[in-house]
Amino acid sequence: MPTSPSTGAIPFLTGSYTPDSGGDGPGIAALLLNPTTGRMTYDDQVKPLPVSGASFLAAHPSLDVVYSTNETGTGTVSAVARGGDDTLSPLGDPVSGGGANPCHLTVHPGGEWLLTANYGSDTAPGTVAVHRLGADGRLLEPTDLVVHQGSGPVTGRQEGSHAHQVLLDPAGRFLLVTDLGADAVFTYRLDTRTGTLERVAVNTMRPGSGPRHLAFAPGDDLVFSADELSSTVTCHRYDATDGTLTAVSSTPATTAHGVVNQPAGIVASPCGRFVWVSNRGADTVAAFRLTGTTLEPVDEVPAGGTWPRGLTLAAGHLLVANQHSGTLAALRILDDGTLTQPHPPVAAPSVVCALAL
């Protein structure tokens, strides 16, 4: 699905919860973004693919293959081939994700390994799984599974560990895994010969903060965390030599008062000057300017729906997946980091993520 030569439209995919995973979405659907106007439309040439519980998508670095979590209690992951004839088709059968409720995955830059963060459940701990990938991108055998231990003070959310994101650092040396239940970020080194993980650090976060997702500042040693349970955004100093994090500042994720708020997605601008966070509860996207090591609020706008989850950068816009309202909004990014909504959101039932192609 290349960029349209006539319109310059940017293709992207959305992931949604399906009826068998508690939602009413189609699974994976294809849309187009007009980078000039910010208008989004469904790509009529691409039929949606019913992938169960497609709550996060990641692209292969060199093949026309996309990977999806299948966020259910049994927990699987899927590979999807993008055909030159504008089709989406399963690439092999779904395979076990190594734990309950897989919620995030990433492909190693070499294209040989898929890493999955499994949230777990009330009784099952969070885990991180590694799968070998074939030459055509299909999922092969699992090569490692690590089980997280830990808990936190928030009743009902932190009785056990809950891995939420697996992210490669900018140097490609370490993998950082946020754990909402354990109030920690675990650092691993991946052996690219065997597909096994070596734990090299456990970075303890503030008790009750519940780190959900991280975003690195481009070209810097700073990394930002969206802290779901404390409704904060924290700036950390990152040591690329040993994979450790040191918190240096924290700020509220929203200026809204009187609402229970849970930040979800977090994105740093390519220039490194701005950070944006989606707020479930306040139903906003907040913009922050980085001054030294402090995040200063500069804007907060409606998310274009309710319960905003994933944020995706695409051609000068932020795509906002609003799960509960079933809407997808494109917010235009202005030079000062503030946001505006140029077009009404499009209907996207139970949408939770988007992937620009």
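## Conventions and confidence

A residue is termed buried under 20% relative accessible area, exposed over 50%, and partly exposed in between, using a 1.4 Å probe and protein chains only. By this criterion Asp227, with a relative accessible area of 2%, is buried.

The structure is a predicted model, in which local features need pLDDT of at least 70 and side-chain atom pairs count only at pLDDT 80 or more, while totals for chains, interfaces and linings use all residues. Residues are numbered from 1 along each chain as its sequence is written, and side-chain values use heavy atoms, with hydrogens and water left out. The pLDDT is the predictor's confidence in each residue, on a scale from 0 to 100. Its chain average is 96, and 98% of the residues score at least 70. Over residues 1–6 the pLDDT is below 50, and this stretch has 15 contacts in the model beyond near neighbours in sequence; a contact denotes heavy atoms within 4.5 Å.

## Nonpolar cores

A nonpolar core is a set of buried Ala, Val, Leu, Ile, Met, Phe, Trp, Tyr and Cys residues joined through side-chain atoms within 4.5 Å. The largest one has 17 residues, and those with the most contacts inside it are Leu115, Leu175, Val177, Tyr188, Leu190 and Leu197. Two or more residues each come from strand 10 (113–118), strand 11 (127–133), strand 13 (163–168), strand 14 (175–179) and strand 15 (184–191). Strand 15 gives the most, with four residues. Strands (E, at least two residues) and helices (H or I, at least four) are DSSP runs, numbered from the N terminus.

With residues up to four places away in sequence not counted, Leu115 touches His104, Leu105, Thr106, His108, Ala129, Val130, Val166, Leu175, Leu190 and Leu197. Apart from this core lies another, of 16 residues, among them Phe224, Val233, Cys235 and Ala268.

## Strand pairing and hairpins

Two strands are taken to pair if DSSP finds at least two bridges between them. Strand 13 pairs with strand 14 in the antiparallel sense over five bridges, and Leu168 stands opposite Leu175 in strand 14. The two strands form a hairpin with six residues between them, and Gly172 in the turn has a positive phi of about 75°. Five of the six residues of strand 13 are buried, so this strand is largely enclosed by the rest of the structure.

Strand 25 (residues 308–314) is likewise mostly covered, six of its seven residues being buried. Five bridges join strand 25 to strand 26 (residues 317–322) in an antiparallel arrangement, with Asn322 of strand 26 as the bridge partner of Pro308. Here the hairpin has two residues between the strands, and Ala315 in the turn has a positive phi of about 50°.

## A buried threonine

Thr14 lies in strand 1 (residues 10–16) and, at 5% relative accessibility, counts as buried. Not counting residues up to four places away in sequence, Thr14 touches Gly27, Ile28, Ala29, Leu31, Leu57, Leu328, Val351, Cys353 and Ala354.

## Salt bridges

A salt bridge is a side-chain nitrogen of Lys or Arg within 4 Å of a carboxyl oxygen of Asp or Glu. By this rule the count comes to ten. Arg138 and Asp136 form one of them, with the closest N and O atoms 2.8 Å apart; Arg138 is partly exposed at 33% relative accessible area, and Asp136 is partly exposed at 35%.

The side chains of Asp227 and Arg206 meet at 3.5 Å, N to O. This pair links distant parts of the chain, 21 residues apart: Asp227 is in strand 18 (residues 222–227), and Arg206 is in the loop between strand 16 (196–204) and strand 17 (211–216). Whereas Asp227 is buried, Arg206 is partly exposed, with a relative accessible area of 33%. Arg237 and Asp221 form a further salt bridge at 3.0 Å, N to O. Arg237 lies in strand 19 (residues 232–239) and Asp221 in the loop between strand 17 and strand 18, so the pair ties together parts that are 16 residues apart in sequence.

## Aromatic pairs

Rings of Phe, Tyr and Trp (its six-membered ring) pair if their centres lie within 6.5 Å; planes under 30 degrees apart count as stacked, over 60 as edge-to-face and the rest as tilted. The structure holds two such pairs. The rings of Phe216 and Tyr238 have their centres 5.2 Å apart and their planes at 80°, so this pair is edge-to-face. Phe216 lies in strand 17 and Tyr238 in strand 19, so the pair ties together parts that are 22 residues apart in sequence. Both Phe216 and Tyr238 are buried.
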